[in-house]
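Dear colleague,

Please find the structure below, followed by a summary of what was found in it.

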Amino acid sequence: MRIVFATKNRGKVREVQEKLKEFGIEVVPIDEVAEVEAPEETGETFCENAYQKATYYSEKLGMPVIAEDSGLEVEALGGKPGVYSSRFAGENATDEENNRKLIEELKKRELESSPARYISFFFLAFPDKSGLWSEGEVRGKVVREPRGTGGFGYDPLFIPEGYEKTMAELPLQEKNRISHRGKAVERLASVILKLKKL
Ligand code: IMP
């Protein structure tokens, strides 16, 4: 079984490929299938954004497509950056710039850390406009000192609950076992296998 994943984020591709391999599902990044201009991300929730991306690409390609929207919610920042996680330090910001901005925001508040959570929403859209969604979260805290080189995004600053290491210090399989994305994609996979629609 093969499924197209609508993302340009190599970190997401690696994690989802690895997880869905366990279910015998092969994940193909969308840029290996077709060149389609990305839609604007206008949703105010993770769910809305995942739905928009998946249905947009599925209609364009005439095949089932999965898309994901995810982000980090930091308690001390009132839940920010949330759906703006990839654009926290501005449009087209790099992971390093976003991390620097998060550290600055903690410093401004004289905080060494803050409770936080990652959230992930997946949507699998079929060309007939039907679809499936799933969701996952992982709680933890963000800190001011980056550690580790694994993962992507805010991982060097995020310590999952029950761990001393940051997400960027965990091996891929371990991150996938506890992460928002790992949980969401696992839930989606178990339904996909029952559905036998792909
Ligand atoms: P999206 O591509 O619009 O879903 O943006 C997701 C953004 O949220 C990423 O660019 C990261 O900044 C952040 N993010 C989501 N999941 C993770 C993760 O697993 N690790 C680190 N950062 C993440």
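**The largest pocket**

The lining of the largest pocket comprises 12 nonpolar, 12 polar and 13 charged residues (Ala, Val, Leu, Ile, Met, Phe, Trp, Tyr, Cys and Pro count as nonpolar, Asp, Glu, Lys and Arg as charged, and the others, Gly among them, as polar). This is a predicted model, in which local features need pLDDT of at least 70 and side-chain atom pairs count only at pLDDT 80 or more, while totals for chains, interfaces and linings use all residues. Residues are numbered from 1 along each chain as its sequence is written, and side-chain values use heavy atoms, with hydrogens and water left out.

The space in the largest pocket amounts to about 990 Å³. Of its 37 lining residues, Asn9, Lys12, Glu41, Lys53 and Ser86 are the closest to its centre. A pocket here is an open set of points on a 1 Å grid over the protein atoms alone, where a 1.4 Å probe fits, with protein on both sides within 12 Å along at least five of seven lines; lining residues have an atom within 4 Å of a point. Grid points are joined across faces, edges and corners, and the volume is the space filled by probe spheres set on the points.

At least two lining residues come from each of helix H2 (46–61), strand S3, helix H3 (95–108) and helix H5 (180–195). S3 gives the most, with 5 residues. Helices (H or I, at least four residues) and strands (E, at least two) are DSSP runs, numbered from the N terminus.

S3 (residues 65–74) pairs with S4 in the antiparallel sense over 10 bridges; two strands pair if DSSP finds at least two bridges between them. S4 also runs antiparallel to S5 (residues 131–143), with 13 bridges joining them. These two strands form a hairpin with 5 residues between them, and lysine 129 in the turn has a positive phi of about 75°. Because 10 of the 13 residues of S4 (residues 113–125) are buried, this strand is largely enclosed by the rest of the structure (buried means under 20% relative accessible area, with a 1.4 Å probe and protein chains only).

Serine 120 lies in S4 and is buried, with a relative accessible area of 0%. Serine 120 stands opposite serine 70 and opposite glycine 136 in S5. The side chains of serine 120 and glutamate 68 are joined by a polar contact of 2.7 Å (a pair of N or O atoms within 3.5 Å; within protein, one must be able to donate a hydrogen and the other to accept it, and residues adjacent in sequence count only if both atoms are side-chain atoms).

Yours sincerely

Notes:
Buried < 20%, exposed > 50% of the residue type's maximum accessible area, 1.4 Å probe, protein only.
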